[in-house]
Amino acid sequence: MRTFLATHAACFRAEWIKLKRTGLLWMGIGAALFIPLIQTIAGFLMDPSMGPEVWNKFIQQNLNGFTSFFYPLFLCITMLRLVYLEHKSDTWKVLETQPVSRLALYLVKYEVALMVAAMSLLLLLLFALAGGMLIQVARPEMNFKAASINWGRHGSALFRFWVASLGIVAIQYYLSLLIRNFGWPMIISLVAVIAGGILSGFGVWPWFPWSATNLSGMAYSGSPRGGLLLPHEWMAVLWAALFLVLGYQLLRQRGFAGAHIRGMRGLATGLGLAVFAAFLWLLSKPVLSDRYSATIIAGRFETNKPLRLVALVRPPFNDTIATQTLSADNFHLRLPQSLATGFYELQAGSNMFRIYFGGHDSLYVHLIESKQSADVTFGGTRVAECEFLTKNRPPDFSYMTRFFGENGPESFGSQLLRGVEGEHKDLKKYHTVDNIGLASDFVADYGRVIDLAALQVIEIEYPKYFAMYHPNDTLKFPSNVEAFRKSLPYNDNRMLSVPGYLDYLASLLQARTLRSSNRDSAFRAESGRLLLQPEVREALALNSARQRMRRINDTTERSVFVQAVFSEVQSPKYRKLLEQDLVQLNSLMRGRPAPQFVATASNNTPFPLSQFRGRYVVIDVWATWCAPCRHESPYFEDMAERYTDERLLFAAVSVDEDRPAWLRETKFRSSRVLQLHVDNANEAFLKPYGIETIPRFILIDPEGRIVNAFMPPPSDAEFASILQREIRFVSKF
């Protein structure tokens, strides 16, 4: 040890002199400059609405772009070049004759490579800062000057990127000692770096050392639980320790067999690999979050939109569990410990998050939103569950319809059940980058969501195709499919909050009563036979009634229908919902006064609805973030171009919370459509008109009375037919 300490500094200085002669420092500068240069050029074309996070996002984009490929490849080249210098000049034997520690000679190459790694990361940060400043000078509207930099976040990310590279450098060191040429170690490293990028993209093999820097980029903010390093970064430390020991043995014994196989060294190597594998397994094993002493949902919403209220609601009828006014973009909801565990929605303006939550859970939601993106992160006891719901779309087996024509029930059933099994396996294997796994209650409940999606195909879709392709045959599923059909519980009221459950039940009963002469009576009878749990049966009746009520245009007929539904629905809560819907829909019936509202134009001119007296008004309710709205807007503008009579006004009423986003959009809209915006749209406009989803199209007559509050979209030919039928001076085009 004394020899090591005495000679280490001299060895390091000598290695540093060699490094400067290799050109690797200039290569490192070029590698660190490349991504910031590309990002800076792209910055001159970026949308200026990145918000207060413009600096943080710009730095993160640079670091992620560098560390995903160029950084690990550059480190492999650096380590290989340092070792190949000794192989090329055959100086290993000469070095070992010097009065210095062999361990010091061995370690200094690794230390120099790590120093180069740290320098390249720091240089990249400096180049990124310089690039951001150039963008600010050229494009002041990007607002870099007003934005702040989260130095702690980026400093932590730099450190974790550096740690994630420890294993890559150590393995490359070992390969370079084992294979005494430049070509094969370089090819192996290039393939490994590419494979690491692919594997990390698919979320598999997190222990693969060349995936580590990519995984760190995907979890740029670090551990949700506040740990120093993420599991794959600890694995990088393990990989480094293993291959540094193996490499030193290889250098001392000058041969693979002598270093790792023969005699006691073989036994020691085997024991070391077993210990390494055990630690790797422990780090790879997902952990489950502990429950919390209270039931709390808190968070922070950083958006450009003014948000006032946050609400926790529960499907299927959006029962409001709790609400709170946001204070400085923060909220803190304390809920009862008896809160049932299940699926909920957290709503704030146009932002909606599906979450899984219950008593003795804690959840922290952090939203950072700009026009270009919305990043949400979670903390607390339900991190994995909420992250899973955010990242994954609901399961969908509709692609199986492509094989209906060529597959009989047995072949179809086998394919579908394999798909279901695969979805369940993926669900059970899911974990966060911090290695937090899904709790068993979520796995069970979301498993039912998967089964519902599959049963929708088995019970509803496949029988239609079977009747078409096999009109003379009787549909009979194999035993494994029959067992699967019977696996879903129909009388468990906990299923009511499972997304899609009531819609599936309605579709199933409609399919079973399709050929009945009196479908309503048959539907109720089949519901009573299948659904023995009163709450489930009443929830289905309520769900079906609410949808049908919108299709009844006569107030008397609608009231009679609601009274008939009351015979099936005894729950006071469900009856109250029906009565509220009835009042809401009756207030929007033909001939009723349209609810008053005041909107403003882009120049801030106020336009109360009463100002349009004497003209028919066709309203398109939309928002800039709504994709279906964007699809219908050209059709709506086309109608405005066709029907140009002054007695008819086409108005697009935006319910955007982000008024600047609406103002930007209006510049590209047709001048034939009056562009208006409603502030506090939820209370001032959406609720009075019973609008739960957009787009929505409304026709109001010259007296300010409703003609049709539920018009079809303008892409539907019926839209033009209603205008021609209701407005005498509108002729066919």
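The charged end of R669 sits over the ring of W622, at 4.2 Å from the ring centre. R575 is placed likewise over F566. A charge sits over a ring if NZ of Lys or CZ of Arg is within 6 Å of the ring centre and within 35 degrees of the ring normal.

| Charged residue | Ring | Distance to ring centre |
|---|---|---|
| R669 | W622 | 4.2 Å |
| R575 | F566 | 4.7 Å |

This is a predicted model, in which local features need pLDDT of at least 70 and side-chain atom pairs count only at pLDDT 80 or more, while totals for chains, interfaces and linings use all residues. Residues are numbered from 1 along each chain as its sequence is written, and side-chain values use heavy atoms, with hydrogens and water left out.

**Aromatic pairs**

The structure holds 35 aromatic pairs. Rings of Phe, Tyr and Trp (its six-membered ring) pair if their centres lie within 6.5 Å; planes under 30 degrees apart count as stacked, over 60 as edge-to-face and the rest as tilted. F636 and F650 form an edge-to-face pair, with 5.4 Å from centre to centre and 75° between the planes. F636 belongs to helix α23 (residues 627–642) and F650 to strand β12 (residues 648–654), 14 residues apart. Helices (H or I, at least four residues) and strands (E, at least two) are DSSP runs, numbered from the N terminus. F636 has 1% relative accessibility and therefore counts as buried; F650, at 2%, also counts as buried. Buried means under 20% relative accessible area, exposed over 50%, and partly exposed in between (1.4 Å probe, protein chains only). Elsewhere, ring pairs link F343, Y356, F388, Y430, F442 and Y446 into a cluster.

**Helices α2 and α6**

The axes of helix α2 (residues 24–43) and helix α6 (residues 102–138) come within 8 Å and cross at roughly 30°. Axes are lines fitted to C-alpha atoms, for helices over the stretch in contact, and angles run from 0 to 180 degrees between N-to-C directions. Residues in the contact include L25, I29 and L33 of α2 and L123, F127 and I135 of α6. Contact means heavy atoms within 4.5 Å.

**P224**

P224 lies in the loop between α10 (212–218) and α11 (231–253). Its relative accessibility is 36%, so P224 counts as partly exposed. Not counting residues up to four places away in sequence, P224 touches F378, V383 and D434.
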